[in-house]
There are 4 protein chains.
Amino acid sequence: MPRAQREQLILDIAGQVFARDGYHSASMDEIARAAGVSKPMLYAYFESKEGLYLSYIERSGQELVERLQRAFAAGDPATVHAPERVSEFLSFVEEHRDGWRVLFGEASANRPVAEQVSQMRGRIAQAVQQLVEAGLDEDQIVGPAAEAVAHAIVGAGESLANWWLEHPEVSREDVAGWYAQVVRASVVAVMPRSAA
Amino acid sequence: MPRAQREQLILDIAGQVFARDGYHSASMDEIARAAGVSKPMLYAYFESKEGLYLSYIERSGQELVERLQRAFAAGDPATVHAPERVSEFLSFVEEHRDGWRVLFGEASANRPVAEQVSQMRGRIAQAVQQLVEAGLDEDQIVGPAAEAVAHAIVGAGESLANWWLEHPEVSREDVAGWYAQVVRASVVAVMPRSAA
Amino acid sequence: MPRAQREQLILDIAGQVFARDGYHSASMDEIARAAGVSKPMLYAYFESKEGLYLSYIERSGQELVERLQRAFAAGDPATVHAPERVSEFLSFVEEHRDGWRVLFGEASANRPVAEQVSQMRGRIAQAVQQLVEAGLDEDQIVGPAAEAVAHAIVGAGESLANWWLEHPEVSREDVAGWYAQVVRASVVAVMPRSAA
Amino acid sequence: MPRAQREQLILDIAGQVFARDGYHSASMDEIARAAGVSKPMLYAYFESKEGLYLSYIERSGQELVERLQRAFAAGDPATVHAPERVSEFLSFVEEHRDGWRVLFGEASANRPVAEQVSQMRGRIAQAVQQLVEAGLDEDQIVGPAAEAVAHAIVGAGESLANWWLEHPEVSREDVAGWYAQVVRASVVAVMPRSAA
DNA sequence: GATGAATGAGTTTTCATTCAT
DNA sequence: TATGAATGAAAACTCATTCAT
């Protein structure tokens, strides 16, 4: 088997293991065994565990960025946010679960620990969901939309807050204002008749 | 020093270390040294590394959830998304950086690894930012708003995609539709004159 | 509570723990907790873990030796080995299980390890038992006598071999001769009509 | 050096250390150093300390059981207890001191502790020895025979008592009866002219 | 006399990494 | 090229033991 091909195979397997166990808990032993190669091969091809990981997210990230750019940034601005575009991006997530999980999923690492963190996030999402639903008439709540939007809102806030922590020169008021608007607009957009 | 007080002190320090290094890379030795106590104390008070971590996120999460609920869920729906409310939440993030980072920050774990992942996210955010700006006249772009909103949008998508992976019964079209609307509404809301 | 009395109480508890877990696996923490005293008390009274253990086997051993001497060594040689005497000794074992186990029982220490060793001994005892039974007519085998004698024979051999290891000046032939006679006599004694 | 061979070498060394220090006090560090390998090898080959120990007693026990069965159980019942047979078994003990000590020796564990226990047993054996000698004319006592038989008797009692503790359904009278007979027969067998 | 609080020193175990073949 | 065999370094965790009060 030529080297290039074997490298791809190893990356596939490594992705599975990283996605399942997280960077730290994944062991080179396990990856080598799962890929059916010897450990020294892993080192010959990728230098180190870190090198292997970086190679993997490089490959995954490359494709993800391209797909996202195709989904979001290309073509006529008027149609840019069209669901079909977004759908393409979601297809990618679906087809490349491992890559997505490694880049954006919650690092499993230690089972009970990950669970507790995830539970905390869940509680927050629930609170937001109640808020979303509070602005609606009871009969407007259709299935999982409210739950989904709640997660989107939480994720937006999380990301925004993290960004802000790296940009302390931006005032809290500004950030708060933007986020407030995003939240309000999201609720209104998805739940159109909402009075929120 | 009475036990209860020292427990709080240890939790503070542990939070710093966990926030900086991530769960796995944080070592009990380091935490003990930083807290100025011996390792056996850590075990006497928190049973295990996992126990220490869980204690920490319990304490942090408790307060975060409360703060978020106060920010979002209380009072008159009409004023619920008011920036002042959101601002309160951001205050919390600011005051409890460590707690926030441990719960919602990017697990550092391994420096270059974290950096690469973070860079990848950055590139995606940039693509989205360009998209946001594409819908605006050049003179409308005011400072960091577009960047901030781009991060919010990315975070929303990330969170939504993760939620969807756990809810495969929801159709891709639905999720795509919701996300598309969230994105569009967010852009419009923050960049009001945008034609997007 | 006066010191002397408390010492006795602690020794009782310590014996239980030592008998259950073995010297190494027994922890001072556990003994202190079980005895309802603080660890520093244990050290004030017995100096060290070793001191505690030695105190315990001293107390137990003292009584055991006395009982054995009374059972075996006293009085008219003709009646010395009478079952009533032996019975007294067995009473002691029954009443002082912990003491006996600590002095002569198989050290538990590590469960699976102890089990494996014990199994090995069991297999040996079985082989001996078959031998004992081989010398009997089938209808002579009455209940557990053969099994019991087999264990006695194994124990005698074990003890004899250990003794011999410390007395290399004694010839193997002599030891073998004595042991052979003990075995034969034991079988005959307990299974009287045996042709062995 | 091929793996299989090195495994045997490690087992040999481990046996020495276990025999000298007992299971608990033996440390993997020490075994590795003594065997001239690194600790990870120990784990690669035997999984754990427990695994190493079990491997060792498996290997030792296997051979011991076979030897014992050959010594005791084979051939014509009439010659079964012949000293030559027993002698073979003693040869094994002599040649496999470590294996024997690990399986049947007094677990050293902690030097002074083991010593004290051993001393206690010694005192008991002495008492029994006096008893044995009490039944003899002074000029009949030939060298170490009485001492050896005393140890055999003590070992038989020890083993019998342990067996009885696991079989409480057997009456004390029965056990006492059997033991009494074993004792009497042993004395008579080895010290033939004794009136005991 | 009694103890809550504290620790030094050691244990087993794991893992990324490399060399000899 | 490929690997079986080997390891240095560090991790989590435990325990007998001792102060300060």
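Tutor: Let us begin with residue classes: Ala, Val, Leu, Ile, Met, Phe, Trp, Tyr, Cys and Pro count as nonpolar, Asp, Glu, Lys and Arg count as charged, and the others, Gly among them, count as polar. Please keep in mind that this is a predicted model, in which local features need pLDDT of at least 70 and side-chain atom pairs count only at pLDDT 80 or more, while totals for chains, interfaces and linings use all residues. Residues are numbered from 1 along each chain as its sequence is written, and chains are lettered from A and ligands numbered from 1 in the order in which they are written.

Student: How many residues surround DNA strand F, and how do they divide by class?

Tutor: DNA strand F is surrounded by 32 residues, of which A:S38, A:P40, B:P40, D:S38 and D:P40 are the closest. The classes here are 16 nonpolar, 6 polar and 10 charged.

Student: What makes the packing of α8(C) with α9(C) parallel, antiparallel or something else?

Tutor: Two packed helices are described by the angle between their axes and the distance between the axes. The axes are lines fitted to C-alpha atoms, for helices over the stretch in contact, and the angles run from 0 to 180 degrees between N-to-C directions. Helix α8 (residues 145-166) and helix α9 (residues 172-190) of chain C pack at about 165°, with axes 10 Å apart. Because angles under 35 degrees count as roughly parallel, over 145 as roughly antiparallel, 65 to 115 as roughly perpendicular and the rest as oblique, α8(C) is roughly antiparallel to α9(C).

Student: What is the handedness of the crossing of α8(C) with α9(C), and which residues meet there?

Tutor: A crossing is left-handed if the near helix is turned anticlockwise from the far one by less than a right angle, and right-handed if clockwise; α8(C) passes α9(C) in a right-handed crossing. Residues are in contact if their C-beta atoms, placed from the backbone, lie within 7 Å. The residues of α8(C) that meet α9(C) include C:A145, C:V149 and C:W164, and their partners include C:V175, C:Y179 and C:V190. This contact has 13 nonpolar, 2 polar and no charged residues.

Student: Why are α9(A) and α8(B) called oblique?

Tutor: Their axes come within 11 Å and cross at roughly 45°, a value that belongs to the rest once the named ranges are taken out, and α9(A) and α8(B) are therefore oblique to each other. A:V175, A:W178, A:Y179 and A:V182 of α9(A) and B:A145, B:A148, B:V149 and B:A152 of α8(B) make the contact, and these residues are 8 nonpolar, no polar and no charged.

Student: What angle do α7(B) and α8(B) make, and what is it called?

Tutor: Helix α7 (residues 111-134) of chain B packs against α8(B) at about 120°, with the axes 8 Å apart, which makes α7(B) oblique to α8(B). Here α7(B) passes α8(B) in a right-handed crossing, and the contact has 9 nonpolar, 2 polar and 3 charged residues.

Student: How do you know how chains D and C are related?

Tutor: Copies are superposed by least squares on the C-alpha atoms of residues with pLDDT of at least 70 in both. A rotation of 179° with 0.0 Å of shift along its axis superposes chain D on chain C, with an RMSD of 0.3 Å, and the two copies are thus related as by a two-fold rotation axis. The same surface serves both, as 100% of the contact residues of chain D recur in chain C.

Student: How many residues does each of these two chains give to the contact?

Tutor: The contact takes 79 residues from chain D and 79 residues from chain C. On the side of chain D, the largest share, 17 residues, comes from α9(D), and the classes there are 54 nonpolar, 18 polar and 7 charged.

Terms used. Helix = DSSP H or I, 4+ residues; strand = E, 2+ residues; numbered from the N terminus. Near = placed C-beta within 6 Å.
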